[in-house]
Amino acid sequence: MAAASRGLVRRLNQFLLRSLSPSPSPSPAALYNTSQLRMFCAEDDSRVIEAKPGVMTRDSKRSGAIAVKCGMTALWDKWGARIPITILWLDDNIVSQVKIPEKEGFCALQVGCGQKKEKHLRKPEVGHFRAQGVPMKRKLREFPVTEDALLPVGTSIDVRHFVPGQYVDVTGITKGKGFQGGMKRWNFDGGPASHGASKSHRSIGSTGQRDAPGKVFKGKKMAGHMGVEQRTVKNVWVYKIDPARNLLWVKGQVPGATGNFVFIRDAVYKKPDVSLLPFPTYFAPEDEDPEKLESLVADIGDTDPFMAAD
């Protein structure tokens with residue numbers, strides 16, 4: 001009882017001293033943190049993002065798009081050269097969320113692709129789509145953009161977001177190869193194929209030392225799981241776009257199996273001509289008939305690229 005009484009009296013004295021003493025002025029650091037917290041937590045209802053064409057600069061960064069890999073084919077140009085082509089389908093891309101500096105501290109656009117039933121989504125995902133007022137989407141991807149490239153929620157991004165002849169970067173998940181040996185996984189040479197090898201032709205050989213250090217270091221290139229990794233193929237050339245079917249034809253291969261999602265953005269190293277790109281995206285006219293749109297093919301030129309050196 002005595003210990004409890006002493007503790008109660010001490011707390012009462014502290015309360016009385018705190019109530020009678022003048023409150024100290026907050027430090028500048030505390031004021032800065034409070035204002036920062038208020039700036040990022042308060043919603044900025046005054047900002048209105050309009051869907052209208054703008055002027056793109058060299059520092060502007062547009063949004064990307066989500067596509068479904070439909071497969072590969074081959075075409076022949078007017079000189080008879082074979083061009084490997086990958087066909088990508090932009091399945092109903094719309095802006096599902098806008099992130100601005102006043103709320104999140106950076107500029108980005110979340111793009112949704114495809115359709116999905118509500119019963120196949122988790123409750124947080126359903127709540128997210130309902131809060132934004134957009135239909136349920138199968139795949140989401142966030143693309144960082146500059147402030148002049150922001151688009152309102154619900155804006156459609158179709159295949160005319162890109163133009164034939166430009167370069168893009170395509171990101172996807174590579175095909176799974178399962179458990180593979182060192183020769184297939186890391187391109188090792190293997191052992192001797194004739195004399196001196198007894199059932200060890202594809203072996204990776206020695207992996208460690210004796211007493212020093214007497215172990216195999218982490219990260220050693222050995223057999224293991226191969227594939228199912230995110231990879232980006234840079235500087236993929238856009239050969240053709242088909243607005244009627246929302247198809248994008250690019251030259252070469254892109255990562256992933258047929259039916260996988262890939263993410264397309266303007267190339268970083270081979271930047272396209274800003275005067276040719278629709279900024280921040282292509283806005284279709286209201287009286288446009290999608291079924292009557294013609295395909296657009298890149299201009300290869302009048303010189304055979306294989307004979308240009310001669």
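Reader: Which residue does arginine 62 form a salt bridge with, and how far apart are the closest N and O atoms?

Author: Arginine 62 pairs with aspartate 266, and the closest N and O atoms are 2.9 Å apart. The two residues sit in distant parts of the chain, 204 residues apart: arginine 62 is in the loop between α2 (28-41) and β1 (65-76), and aspartate 266 is in strand β12. Keep in mind that this is a predicted model.

Reader: Are these two partners buried or exposed?

Author: The cut-off for buried is under 20% relative accessible area. Arginine 62 comes in at 1%, so it is buried. Aspartate 266 has 15%, so it is buried too.

Reader: How many salt bridges does the count come to?

Author: Ten, taking a salt bridge as a side-chain nitrogen of Lys or Arg within 4 Å of a carboxyl oxygen of Asp or Glu. One of them brings together the side chains of glutamate 118 and arginine 130, at 2.5 Å from N to O. Here glutamate 118 belongs to the loop between β4 (108-113) and α3 (123-132), while arginine 130 is in helix α3, twelve residues apart. Glutamate 118 is partly exposed at 40%, and arginine 130 is exposed at 55%.

Reader: And what about glutamate 125 and arginine 122?

Author: Their side chains meet in a salt bridge too, with 3.0 Å from N to O. Salt bridges can also share partners, and that is how Asp158, Arg160 and Glu288 end up in one network.

Reader: Now the backbone. What should I expect of phi and of peptide bonds?

Author: Most residues other than glycine have a negative phi, and most peptide bonds are trans. With that in mind, look at the exceptions here. Valine 228 has a positive phi near 55 degrees and is found in the loop between β9 and β10 (230-242). With 49% relative accessible area, valine 228 is partly exposed. Asparagine 246 has a positive phi of about 60 degrees, and its place is the loop between β10 and β11 (247-251). Asparagine 246 is buried, at 14%.

Reader: Where are the cis peptide bonds?

Author: One joins alanine 212 and proline 213, with omega about 0 degrees. Proline 213 lies in the loop between α4 and β9. Another runs from phenylalanine 279 to proline 280, with omega near -5 degrees, and proline 280 is in the loop between β12 (261-266) and β13 (296-297).

Reader: Where is glutamate 291, and how far is its C-alpha atom from that of proline 243?

Author: Glutamate 291 is also placed in the loop between β12 and β13. Its C-alpha is separated from that of proline 243 by 8.5 Å, with the two residues 48 apart along the chain. Glutamate 291 is exposed, with a relative accessible area of 72%.

Terms used: Residues are numbered from 1 along each chain as its sequence is written. This is a predicted model: local features need pLDDT of at least 70, side-chain atom pairs count only at pLDDT 80 or more; totals for chains, interfaces and linings use all residues. Side-chain values use heavy atoms; hydrogens and water are left out. Helices (H or I, at least four residues) and strands (E, at least two) are DSSP runs, numbered from the N terminus. Buried means under 20% relative accessible area, exposed over 50%, partly exposed in between (1.4 Å probe, protein chains only).
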